[in-house]
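The exercises below each set a task and then work through a solution step by step. Please keep the sequence and the model in view while you read.

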Amino acid sequence: MSFFDKIPTSTSVSPISKELYLKNDSNIAVLILHGYTGSPHDMYYIGRQIHKSGFSIYIPRLPGHGTNSNDFLNSNWRDWLRKSVDSYLDLKAYHKKVYILGLSMGGVLTTLLASKFHPEKIVLAAPALKAKDRRINLTPFFGFIVKKIKKKNPQTFDDEKLDYLASQYWNYDWPSKAADLYKLQKMALKNLSKVTSKTYVILSKKDEAVPFSVKEIIENNIKGKTEFLILEESRHVVVNDIEKEKVAEQTINWLKKE
């Protein structure tokens with residue numbers, strides 16, 4: 001069976017996972033990348049705030065995300081990285097400057113883009129350069145055998161759109177796809193010293209997915225001038241959590257600095 005044959009005929013993009021492009025008169029655009037098992041809806045708030053402040057913004061949907069679990073299983077790290085590269089190049093064709101903001105795996109992809117294209121500024125929000133769950137180190141070995149594992153305590157949401165995404169993505173562990181994330185992590189760590197962009201890093205002490213020790217990794221490797229915003233209350237999705245207003249305001253202030 002070919003890749004094309006594996007795509008369910010019912011595949012469609014969730015209404016809250018649509019890509020978002022908002023244009024402004026500014027010659028600067030911000031590419032905004034969501035994370036692993038996430039989708040553009042995680043980035044809508046900060047994206048719209050950045051747009052209101054005067055920038056054009058584009059939030060792409062990474063392949064396999066925001067649709068269904070079969071679609072996710074049929075995507076991989078090459079697809080996610082290729083989509084990120086294409087999105088950057090497309091924006092660069094229309095805007096003089098393109099900054100990049102990435103959440104979680106989007107932050108990993110951001111560092112890879114920055115190591116290649118050297119944008120003036122990047123924002124790393126809870127960048128998943130490392131994972132708190134050390135089982136990710138084993139996924140290259142057992143990810144070929146175990147595709148997904150149902151979590152003991154599945155999430156439910158009153159919003160039927162969020163509840164659908166939970167049923168397709170968040171209520172499972174994905175050893176085979178975590179192996180793809182692990183591959184991107186290794187690539188990013190190898191290339192981190194090539195990042196010369198001015199870098200703004202957003203970390204939370206209550207992040208349940210990314211260890212706070214990534215701060216030291218960034219400080220010791222990224223060559224560009226680096227500033228940090230340290231949060232006290234937010235969980236992993238720092239751009240859309242309890243301190244999202246602060247995150248958006250401080251990020252916009254930094255993006256506008258000379």
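Helices (H or I, at least four residues) and strands (E, at least two) are DSSP runs, numbered from the N terminus. The model is a predicted one, in which local features need pLDDT of at least 70 and side-chain atom pairs count only at pLDDT 80 or more, while totals for chains, interfaces and linings use all residues. Residues are numbered from 1 along each chain as its sequence is written, and side-chain values use heavy atoms, with hydrogens and water left out.

**Exercise 1.** Describe the lining of the largest pocket and state which helix gives the largest share of that lining.

Solution. Step one is the term: on a 1 Å grid over the protein atoms alone, a pocket is an open set of points where a 1.4 Å probe fits, with protein on both sides within 12 Å along at least five of seven lines, and lining residues have an atom within 4 Å of a point. Step two is the inventory: the largest pocket is lined by 39 residues, and Tyr36, Thr37, Lys151, Ala209 and His236 lie nearest its centre. Step three is the origin of the lining: helix 5 (139-142), helix 6 (160-170), strand 7 (172-173) and helix 7 (175-191) each supply at least two residues, and helix 7, with four residues, provides the largest share.

**Exercise 2.** Locate the residues that UniProt lists for "active site" and examine how Asp207 and His236 are placed.

Solution. The unreviewed UniProt entry lists Ser104, Asp207 and His236 under this heading, although such annotations may be inferred rather than shown by experiment. These residues span 133 residues in sequence, yet no two of their C-alpha atoms are more than 10.7 Å apart, so they gather at one spot.

Next, take the loops: Asp207 is found between strand 8 (198-204) and helix 8 (214-221), whereas His236 is placed between strand 9 (226-231) and helix 9 (244-256). Asp207 has 3% relative accessibility and counts as buried, and His236, at 11%, also counts as buried, the term meaning under 20% relative accessible area with a 1.4 Å probe and protein chains only.

Finally, the side chains of His236 and Asp207 make a polar contact (3.0 Å), that is, a pair of N or O atoms within 3.5 Å, of which, within protein, one must be able to donate a hydrogen and the other to accept it, and residues adjacent in sequence count only if both atoms are side-chain atoms.

Technical notes. Buried means under 20% relative accessible area, exposed over 50%, partly exposed in between (1.4 Å probe, protein chains only).
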